[in-house]
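Here is a short briefing on one protein chain. Start with the sequence and the model, then read the notes by topic.

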Amino acid sequence: SALMVFALLLVIMLAGESMLKGFIAMFIGLFLSTVGTDLFSGQPRFTGDQIELAGGIEFIALSVGIFAIGEVLVNIEDKTEKKLFTVPNKLRELLPSRADIKKSTPAMLQGGIVGFLIGILPGAGSTVASFVSYIIAKRTSKYPEEFGKGSIEGVAAPEAANNSEAGGAMVPLLTMGIPGSGTGAVLLGALVLYGLNPGPLLFQEHSDVVWPIIASMYLGNIALLVMNLPMVPLFARLLHTPYKVLYPAILLISVVGVYSVNFSIFDVGLLVVFGLLGYVMLKLDI
């Protein structure tokens, strides 16, 4: 419980320029998590007599609505002319130079450490780790004015934190049975399904399971590098997509994706509601 409270306080303190807005965001998130059926009494909470909310709010509808739909609405409202980036097509031209590596190395080290430590905190996850690492990198950088305009430090720090968080989340999962992220919760369910109880004895009684999981962290990074590196030029060319094509495509994929989870029109309605919530939060810088 103390770790969870510390994680929530950390989110408030590092959410942005205003601690009040960080608290508002945390309060909204905690309130939304209470919607559904109470585990102890079995009574519905804040469901509005909607049977679809008995199991809680669909997380996919919530996340896609706030982050995807809200972002699209804000960008559609922006009337300023957006110029597409000139993107090199060859892999050699996309690789970082020595100067880039030298400039981003401190940010990567910071992101790796911060991401691992935040990964240990229950419920924080890679999103929180990335945001915190980005804020720290911006505050400690010699060139903070470059952040938001393509600073390589602003890319290296959150990406390093995003990767190292996965390893940090394994610490509470394997030693105490407490998931550090959504992915950790899925892994916890899989371990329990196979009759394994995460905890200190897991390393002694089922070392044949624990150590391959740890080894997969190293092998997974190598596999991702081999698969993704040749695809970098293709990913970069996606930046040439006109916004008048990109925004409708995002909206279409969001609606179809949310509907396909439970084949529920109600979830699509939730998507619209949370899209408007995300729009308002972005406009208010929450």
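Of the 286 residues in the protein chain, 29% count as buried. The model is predicted. The chain holds 13 helices and 2 strands. Take contacts between residues at least 6 apart in sequence: 64% of them join residues at least 24 apart.

**Helix pair H5 and H7**

- Helix H5 covers residues 98-120, and helix H7 covers residues 152-176.
- The two helices pack at an angle of about 30°.
- H5 is therefore roughly parallel to H7, because angles under 35 degrees count as roughly parallel.
- The axes of H5 and H7 lie 6 Å apart.
- H5 and H7 cross with right-handed geometry.
- Sorted by class, the residues in the contact of H5 with H7 are 12 nonpolar, 9 polar and 4 charged.

- The relative accessible area of Asp38 is 17%.
- Asp38 therefore counts as buried, because the cut-off is under 20% relative accessible area.
- Leaving aside residues up to four places away in sequence, Asp38 touches Gln43 and Arg45.

Note on methods. Residues are numbered from 1 along each chain as its sequence is written. This is a predicted model: local features need pLDDT of at least 70, side-chain atom pairs count only at pLDDT 80 or more; totals for chains, interfaces and linings use all residues. Side-chain values use heavy atoms; hydrogens and water are left out. Buried means under 20% relative accessible area, exposed over 50%, partly exposed in between (1.4 Å probe, protein chains only). Contact means heavy atoms within 4.5 Å. Axes are lines fitted to C-alpha atoms, for helices over the stretch in contact, and angles run from 0 to 180 degrees between N-to-C directions. Helices (H or I, at least four residues) and strands (E, at least two) are DSSP runs, numbered from the N terminus. Angles under 35 degrees count as roughly parallel, over 145 as roughly antiparallel, 65 to 115 as roughly perpendicular and the rest as oblique. A crossing is left-handed if the near helix is turned anticlockwise from the far one by less than a right angle, and right-handed if clockwise. Ala, Val, Leu, Ile, Met, Phe, Trp, Tyr, Cys and Pro count as nonpolar, Asp, Glu, Lys and Arg as charged, and the others, Gly among them, as polar.
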